[in-house]
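Please examine the sequence and the three-dimensional structure shown below. The explanation that follows is intended to be read beside them.

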Amino acid sequence: MRVFLLVFALVWNLALAFPRVGVHQGFTRLVFDLPQGDVQYGLSQENGQLVLNLRGVKGASLDQVVNSAEVVSVQTIPEGEGVRVVVRLKGPVEAKVVRYTDPDRLVVDLILKKEAASPAKPASDPVRNRPPRPPKPVVLLDPGHGGIDPGMVGHVVEKEVVLDVALRLKRLLEREGIEVRLTRDRDMHLSPDKREDLSRRASMADSSQVNLFISIHVNATPTRTAQGVEAFYFGQAQDSRILAQV
Ligand SMILES: [Zn+2]
């Protein structure tokens with residue numbers, strides 16, 4: 001059995017999550033990828049929650065922790081012929097909703113209402129007058145599997161190798177002045193349910209404003225035909241309409 005290293009490097013844009021959540025300066029963006037056809041939606045806001053009902057859309061049950069300036073979390077609940085999306089808010093928001101076609105999607109921008117935003121600091125505040133430090137790039141490393149999920153088991157156990165690789169890579173990146181976060185730093189799973197486990201890893205990448213998400217895996221083949229390193233990555237979107245929106 002040959003073992004080879006598999007590395008996923010994704011500029012974070014989770015295709016599986018519904019909705020996709022983007023944290024931006026001054027607003028949180030929810031992007032709902034819609035099927036072609038008749039989709040209806042309704043929006044309401046009360047008691048610190050914004051509820052979006054979508055009819056004609058299928059979405060898996062998912063609770064994404066966002067923790068942006070506007071949003072605590074986004075929960076997707078399948079219901080009958082559609083889904084209900086409950087957005088827990090940090091304060092009253094203005095919701096700007098735009099529907100796009102080709103591809104069909106609904107973009108909801110949530111902006112804290114002025115009276116809810118924290119009062120601006122006076123201009124004489126010395127902290128404000130300091131030149132802003134250039135932000136450190138942030139990389140989220142995801143050692144695959146862990147805990148009850150060993151991953152590939154051959155001459156080595158995948159969950160152990162990928163954790164070791166991630167911890168070594170963390171040290172190398174930090175030496176270059178990069179801030180490194182980990183989805184796990186020891187032998188643990190994020191959920192005993194595989195789908196939920198992957199969803200939590202995804203949420204960590206989506207909610208923590210990371211510049212790069214790297215998921216590290218070690219695969220094996222019984223046929224002794226494969227060796228080496230395999231890398232999958234998402235590059236920048238090429239479509240200018242998507243670049244403009246997401
Ligand atoms: Zn794996």
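This is a predicted model: local features need pLDDT of at least 70, side-chain atom pairs count only at pLDDT 80 or more; totals for chains, interfaces and linings use all residues.

Residues are numbered from 1 along each chain as its sequence is written, and side-chain values use heavy atoms, with hydrogens and water left out.

The secondary structure of the protein consists of 4 helices and 14 strands; helices (H or I, at least four residues) and strands (E, at least two) are DSSP runs, numbered from the N terminus. The protein has 246 residues, of which 37% count as buried. Buried means under 20% relative accessible area, exposed means over 50%, and partly exposed lies in between, with a 1.4 Å probe and protein chains only. Of the contacts between residues at least 6 apart in sequence, 62% join residues at least 24 apart, a contact being heavy atoms within 4.5 Å.

The largest nonpolar core has 22 residues, and Leu30, Phe32, Leu54, Val74, Val87 and Leu110 have the most contacts inside it. A nonpolar core is a set of buried Ala, Val, Leu, Ile, Met, Phe, Trp, Tyr and Cys residues joined through side-chain atoms within 4.5 Å. At least two residues of this core come from each of the strands E2 (20–24), E3 (27–33), E5 (49–55), E7 (71–79), E8 (82–89) and E10 (105–112). The strand that gives the most to this core is E8, with 4 residues. Apart from this core lies another, of 12 residues, including Leu141, Met152, Ile216 and Val218.

Two residues illustrate the surroundings of this region. Leaving aside neighbours within four places in sequence, valine 74 is in contact with Pro19, Val21, Leu30, Leu62, Asp63, Gln64, Val66, Val85, Val86 and Val87. Threonine 76 lies in strand E7 and is buried, with a relative accessible area of 0%. With the neighbours within four places in sequence again left aside, the contacts of threonine 76 include Phe18, Pro19, Ala60, Leu62, Val83 and Val85. Threonine 76 and leucine 62 are 14 residues apart in sequence, yet their C-alpha atoms are 5.1 Å apart in space.

Helix H2 (residues 158–175) has 18 residues and reaches 26 Å from its first C-alpha to its last, close to the 26 Å expected at 1.5 Å a residue. The expected span is 1.5 Å times one less than the number of residues. Within H2, Glu158, Lys159, Val162, Leu163, Ala166 and Leu173 are buried. They cover an arc of only 120 degrees around the axis, which puts them on the same side of H2; the arc is that of the directions from the helix axis to the C-beta atoms. Glu160, Arg171 and Arg175 are exposed on the other side of H2. The buried residues of H2 pack against strand E11 (138–143), strand E12 (179–182) and strand E13 (212–221). Just after H2, glycine 177 takes a positive phi of about 80 degrees.

The zinc ion is coordinated at 2.1 Å by His145 (NE2), Glu158 (OE) and His217 (ND1). Donors are N, O and S atoms within 2.8 Å of the metal (3.2 Å for Na, K and Ca); water is not among the atoms, so sites may look incomplete. Along the chain, the donors follow the spacing H-x12-E-x58-H. Glutamate 158 in helix H2 and histidine 217 in strand E13 are 59 residues apart, and this pair links distant parts of the chain. Glutamate 158 counts as buried at 2% relative accessibility, and histidine 217 is buried with a relative accessible area of 14%.

Finally, two loop residues deserve attention. Asparagine 47 has a positive phi of about 50 degrees although it is not a glycine. Asparagine 47 is found in the loop between strand E4 (40–46) and E5 and is exposed, with a relative accessible area of 75%. Asparagine 67, likewise not a glycine, has a positive phi of about 50 degrees. The loop between strand E6 (62–65) and E7 holds asparagine 67, which counts as exposed at 53% relative accessibility.
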